Amino acid sequence: MAGYNLEGIEAAPLKDDVDIVIPTIRSLDFLEQWRPFLQHYHLIIVQDGDPSIKIKVPEGYDYELYNRNDINRILGPRANCISYKDGGCRCFGFMVSKKKYIYTIDDDCFVAKDPSGKEINVIAQHIKNLETPSTPHYFNTLYDPFREGTDFVRGYPFSLREGVQTAISHGLWLNIPDYDAPTQLVKPRERNTRYVDAVMTIPKGVLYPMCGMNLAFNRELVGPAMYFGLMGEGQPISRYDDMWAGWAAKVVCDQLGFGVKTGMPYLWHSKASNPFVNLKKEHKGLHWQEDMVPFFQNLRLSKESDTAAKCYMEISKMTKEKLTKVDPYFEKLADAMVTWIEAWEELNPPVKNEASEELNPPVKKTQSDGEDVKAKG
């Protein structure tokens, strides 16, 4: 950290319990603006595309960098469950992390300001969301009752006021909204300028479109369910990896009694992707979502599915049974879901001897005088 003025940097909440996961195909210059908020945290960078391209990370960050060769080395034949040339590759970072919380962000996102002009500490807000209970069983009309200055309103049952553990915190975006290609084409100049000072729990039984560009979750509670489905090169669909993860993870949270929050924090989404390219990637998903969403809405998991991994295995079975009739792709996706859980459990065994070495220890890379230094752990 020498050479950098860190005066005024806010304390990093739970810095030893959070990993920042970033998928990328380019050097991470955007991290310079994030330095006051992210430099204290450990980064897991998942390089998509050509592994021979050197990714540059600003000096002073502690990070691990994985490319496709690393994924193949660590997962072996199971590497085929990780998307290629798609942002869904980020879920590999979820798998190799050992921290309680994950925050994942895209490399075209920057620090936003609240209406007072203060820069928003997204990590601090996400941690606050995750560390306070959710209320999925009964909607509070003043939104999050655990925020300072608010509470449960009259008529809210006292038996439900304890709330439940929060598993997912879904943040939002100023400037470029997360629109699909048809909406981008109809509203090419539309920008989100509305900052809504609110966090709310998504009710039990209600799905939502989860965007992966500003997202935090409790890895210990729902990590195995956060599989950003098999998409990208070689697959007939893309740009639905986070949607699939969001629908599945919400069903898992409902099954296990966890909560999901959406709203603050906001970040600044700087760049609109090409709507014509997006349409090519999305067009099957735009049709298939009319089957996928009802599929998840009508899922009923068995009592035996009492962990995130068991829930996800049951969802994979139902995916093969119910959605293969929509397109043969879903059989391949269902198989990839099983492979994902197998790989997750290999790298994250349920009972681990702390004295033993980790399976497939990651290659840790730091920068010193412009050279990569490799070390275990």
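1. Strands here are DSSP runs of E with at least two residues, and helices are runs of H or I with at least four, numbered from the N terminus.

2. A word on the model before going on. It is a predicted one, where local features need pLDDT of at least 70 and side-chain atom pairs count only at pLDDT 80 or more, while totals for chains, interfaces and linings use all residues. Residues are numbered from 1 along each chain as its sequence is written, and side-chain values use heavy atoms, leaving out hydrogens and water.

3. Now to the helices. The axes of α7 (residues 241-256) and α8 (residues 275-297) come within 10 Å and cross at roughly 15°; axes are lines fitted to C-alpha atoms, for helices over the stretch in contact, and angles run from 0 to 180 degrees between N-to-C directions. That makes α7 roughly parallel to α8 (under 35 degrees; over 145 is roughly antiparallel, 65 to 115 roughly perpendicular and the rest oblique). Trp244, Trp247, Ala248 and Val251 of α7 make the contact with Gln289, Met292, Val293 and Phe296 of α8, where contact means heavy atoms within 4.5 Å. By class, this contact has seven nonpolar, one polar and no charged residues. Nonpolar covers Ala, Val, Leu, Ile, Met, Phe, Trp, Tyr, Cys and Pro, charged covers Asp, Glu, Lys and Arg, and the others, Gly among them, are polar.

4. Have a look at α9 (residues 308-323) and α10 (residues 329-347) too: their axes come within 8 Å and cross at roughly 165°. The two helices are therefore roughly antiparallel to each other. Among the residues that meet are Tyr312 and Lys320 in α9 and Trp340 and Glu345 in α10. The residues of this contact divide into 11 nonpolar, two polar and four charged.
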